[in-house]
Amino acid sequence: MEWAVHGLSRPWSPWIVHIFSRLVFLTLGLRHRAEGPRLVGPGVIVTNHASWLDILVLNAVTPVTFVSKAEVARWPGIGFLARIAGTIFITRDARHAGQHRDLLECYLRAGHRLAFFPEGTSTDGIRVLPFKSTLFAALFMPDLPALSVQPATILYRAPEGEDGRFYGWWGDMDFGVHALKLLAQRLQGEVRVILHPPVKVADFADRKALAAASGGAVRQGMETALEDR
């Protein structure tokens, strides 16, 4: 119905996912807080990737449309979560790079606020890998409206007495086992989202410079927060 009436703009579903995500954290008892300026206008939020929860974490802060690798759609459990969140799935085949840029451009022109994980994979949640620049290329397409990129650091605090990587989901960890462990945890920890000041795409020479600056801000946020604990 929404697609038939509004097409690509999809004015309702991002807000539905936003409300659903906030309810998930209330139900789990996992404390969720965000700090820093909210992105205003069209643009992209880029974050570190620590857990299958990250999509819900960021959607609980602000309505966004995620961009993810195509294989995630087929993953048990997490693929379902990604699909209901309206995720844009793309392949990592270089032959399709032009099509991907065109697709992301269409979403940006339709007013969507996109989000993606430039690390390209998830980690243990206590480090930030170098940001890959591939998806940033779409932001430099000619004739796009003025865009901003907001780096954000997602930082989990484990429940008392648990390993600091409790919420991290990486490598060959089984989604079902990890999800059941999390759901069975009576006293939950906390997830904190640090929103860094947005930067203007026009201020950077190319995608690599923008990716490096964004990754540096996310990494600094992670290091500072861990030092303050």
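Modeller: Before we start on this predicted model, a residue is called buried when its relative accessible area is under 20%, exposed when over 50%, and partly exposed in between.

Colleague: Fine, so which residues of helix 2 are buried?

Modeller: In helix 2 the buried residues are Ser13, Pro14, Val17, His18, Ser21, Val24, Phe25 and Leu28. They sit on the same side of helix 2, because they cover an arc of only 145° around the axis.

Colleague: And what does the face turned away from the buried side carry?

Modeller: That face of helix 2 carries the exposed residues Ile16, Leu26 and Thr27. Leu26 has a relative accessible area of 67%, and therefore counts as exposed; together with Ile19 and Leu23, Leu26 also forms a nonpolar patch on the surface, with about 330 Å² of accessible area for the three together.

Colleague: What span should helix 2 have, and how far apart are its end C-alpha atoms?

Modeller: At 1.5 Å a residue, the 16 residues of helix 2 should span 22 Å, and the end C-alpha atoms are 22 Å apart, which agrees. The residue that follows helix 2 is Gly29, with a positive phi near 80°.

Colleague: Switching to strand 2, how many of its residues are buried?

Modeller: Five of the five residues of strand 2, which covers residues 43–47, are buried, so the strand is largely enclosed by the rest of the structure. Gly43, Ile45 and Thr47 point one way from strand 2, while Val44 and Val46 point the other way.

Colleague: Which strands does it pair with, then?

Modeller: Strand 2 pairs in the parallel sense with strand 5 (residues 113–116) over four bridges, where Leu114 is the bridge partner of Val44. Strand 2 also runs parallel to strand 6 (residues 148–157), to which five bridges join it, and there Gly43 stands opposite Ser148.

Colleague: What about charges, how many salt bridges are there in the whole structure?

Modeller: A search of the whole structure finds seven salt bridges. One of them joins the side chains of Arg33 and Glu35 at 3.4 Å, N to O, and both residues belong to a network of salt bridges that also links Arg157, Glu190 and Arg192.

Note on methods. Residues are numbered from 1 along each chain as its sequence is written. This is a predicted model: local features need pLDDT of at least 70, side-chain atom pairs count only at pLDDT 80 or more; totals for chains, interfaces and linings use all residues. Side-chain values use heavy atoms; hydrogens and water are left out. Patches are made of residues with over 30% relative accessible area and no salt bridge: like charges are joined within 9 Å, nonpolar side chains (Val, Leu, Ile, Met, Phe, Trp, Tyr) within 5 Å. Accessible areas come from the Shrake-Rupley method with a 1.4 Å probe; for residues, only the protein chains shown count as cover. A salt bridge is a side-chain nitrogen of Lys or Arg within 4 Å of a carboxyl oxygen of Asp or Glu. Buried means under 20% relative accessible area, exposed over 50%, partly exposed in between (1.4 Å probe, protein chains only). Helices (H or I, at least four residues) and strands (E, at least two) are DSSP runs, numbered from the N terminus. The expected span of a helix is 1.5 Å times one less than its number of residues. The arc is that of the directions from the helix axis to the C-beta atoms. Two strands pair if DSSP finds at least two bridges between them.
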